[in-house]
Amino acid sequence: MTDVEHMKWWGWGVEGVGFHHEDKPGFAPFVLQAVGLDLATAQKAEQPSFEELDLADPVAPAELVAALAAIVGEDFVRTDAMERVVHTYGKSLRDLVRIRTGDIARAVDVVVYPADEDDVQRIVDAVVAADAVLIPFGGGSNIAGSLEPQAGEQRPVVSVDMGRMSAVIDIDADSGLARIQAGALGPHLEAQLAAQGWTIGHFPDSFTHSTIGGWAATRSSGMQSDKYGDIAQIVRGLRVVRPSHPDRDGVLVIPAIPSASTGPSVREMIVGSEGRLGVITEVTAQVHRVAEVREIQAYFFPNWAAGLKAMQAISVSDATPIITRVSDARETGFSLATSKERHGMDAILAEKVLPGIMRSKGWTLEDICLSFIGFEGSAEHVKRQKKLVGAIVKQHGGMGVGTGPGVLYDQKKFDTPYLRDFLLDRGAAGDVSETAAPWSKLAGVYDAVIAAAEGAYAEIGTKGWIMCHLSHSYHSGACLYFTFAFVFGDDPLGEYDVVKSAIQQAFVDNGATISHHHGVGVEHSPWIEQDISPEGVAVVRGLFGAVDPGDHFNPGKVVPSVSERV
Ligand SMILES: Cc1cc2nc3c(=O)[nH]c(=O)nc-3n(C[C@H](O)[C@H](O)[C@H](O)COP(=O)(O)OP(=O)(O)OC[C@H]3O[C@@H](n4cnc5c(N)ncnc54)[C@H](O)[C@@H]3O)c2cc1C
């Protein structure tokens, strides 16, 4: 036993926890209307059987396994089937479908658990000496195919699980800088920081099952990025282990300097490198004092255009919210459908009074858009922020409805990821694609993506659903986050590819990026040239090739491999 926590081998999160709709009366009718799935009659699939997985024997030369065991001890080198399966995929829809159907083209061979940076250095050197492949593993939550070995990989593949390295090492309270070991999962590092009155302020939806090393390696962004920044801003310093040289160890050290003019930023090269430049062992993160007051306020807008314009106005105003988020009318419908049953005054307010007020304003209820805006700071600061935001909302025809829905949003934000498994159990795919674009292009991107998804559903002959919210606002633009779902036919992955590809292509065709915060992996790399230009890809490929000429570090991710080795 390693005591390192992992998610279910076949799905999201921990065993025994899942999505339930029995207490949400609007959910079943919503799903029926959205994708034609009748939850009353849908057959629920059996939980996949681990014993039925057909896993090839590991390519694990005895000398390599012995060398790794000599570094970390035998208990921390694993070649058993469960460990290999858990470390082979992330949690994208493709991963979930493949794992459920036993489709594992190439599993990792050996899993090793270093205890400290010295172990990592010796593991890296042993892997390179054995001409093997090394894939760093954080929480295994990525959804871009960032972990899977290349299908044709002949060399042994070693997954380096960072889970034993999960400490907050120290906090420089003067500077608000915390040194954190790369394998710390969100709740673990936040608890250690909170014990001393600090927070990292980085809360991706996958927070419970992802690590700070993984966040850095994928250029992650959390729901409070408007105030605390994306991980690229939060990561100030880094330690990264690379192969050692005859005259020095291989630790690349980026000190935590607020800003430097020292040539191209190596820190920026590491952030988003998805394991291709080495193993991140430590991150020095900007942390903040836990705020005195935290409030998530809910607002409604008469339509999407008004909601977008209001978010843009907030982003360039004096207001500094932690979250600005607005859902389109479809996602608003979904949110209302996943609300728990209401009783008494609560029901009367939500179902009669509120719609009555909206109608009296001339709003069409099918067009309304729900928005959450979050505030943190001193009581006085929060009060002022709410006033500033309230005025902007009003100018754009919106209205505030208080903190009630915001409290619910805060409570259930980490539960929603279980929904994908619920749908898959009943023959439906649900997944996400997200992007960012300048404000001037956002409305066009939105329209193009909705049209592209509808075209894709028509192509595969199914009734599909797509909805969107705006989150992560910047001065020049914002992120659009699309969620799509459909009941699949005989070829779930083929059909999924048609929809996902149509959406990704619509991003690049309309001036948006292929990924705002989910990284590239292998799932988004087909569009990387269209995103950063062929010359941009040549630069990235040149970097990876020059510092890893043997193609040992997570080959094939971010930019497709051109190595002859696979
Ligand atoms: C339901 C769901 C919701 C999500 N929500 C968000 C969200 O809100 N925001 C967001 O940004 N992402 C989100 N994600 C995506 C995912 O959680 C992020 O990509 C996350 O940063 C991955 O972290 P991890 O620790 O799980 O890394 P892993 O999945 O284990 O690894 C991801 C990549 O990073 C590399 N890596 C990991 N650790 C290291 C290390 N120590 N050194 C070098 N390379 C390393 C791996 O080799 C791999 O290439 C979501 C995913 C799911 C399934």
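Into which domains is the protein divided?

1. Domain layout. The model is predicted, and the points below should be read accordingly. The protein is divided into domain 1, covering residues 48–163, domain 2, covering 168–289, and domain 3, covering 293–413. Between the C-alpha centres of domain 1 and domain 3 the distance is 44 Å.

2. Position of the ligand. The shell around the ligand draws residues from both domain 1 (48–163) and domain 2 (168–289), so the ligand lies between these two domains.

3. Composition of the shell. There are 38 residues around the ligand, and those that come nearest are G138, P204, G213, G214 and G275. Two or more residues are supplied by each of the elements β3 (133–137), α7 (212–218) and β10 (279–286). Of the contributing elements, α7 gives the most, with 5 residues. Sorted by class, the shell holds 20 polar, 14 nonpolar and 4 charged residues.

4. Geometry of helix α14. This helix runs over residues 379–395 and has 17 residues. From its first C-alpha to its last it reaches 25 Å, close to the 24 Å expected at 1.5 Å a residue. Just after α14, G397 adopts a positive phi of about 80°.

5. Which residues of α14 are buried? They are V382, Q385, V389 and V393. Viewed down the axis of α14, these buried residues fall within an arc of 70°, so they line one face of the helix. The general rule behind such a pattern is that an α-helix has 3.6 residues a turn, so residues three or four places apart point the same way. On the face of α14 turned away from the buried side are the exposed residues E380, K387, A391 and Q395.

6. Is D328 buried or exposed? D328 counts as buried because it has 24 C-beta neighbours inside 10 Å, the threshold being 20 or more. Beyond its neighbours within four places in sequence, D328 is in contact with W304, C369, M467, C468 and H469.

Notes
Residues numbered from 1 in each chain as written. Predicted model: local features only at pLDDT ≥ 70, side-chain atom pairs only at ≥ 80, totals over all residues. Helix = DSSP H or I, 4+ residues; strand = E, 2+ residues; numbered from the N terminus. Expected span 1.5 Å × (residues − 1). Buried ≥ 20, exposed ≤ 12 C-beta atoms within 10 Å, placed from the backbone. Arc of directions from axis to C-beta. Near = placed C-beta within 6 Å. Nonpolar A, V, L, I, M, F, W, Y, C, P; charged D, E, K, R; others polar. Domains from an automatic or database assignment. Contact = placed C-beta atoms within 7 Å.
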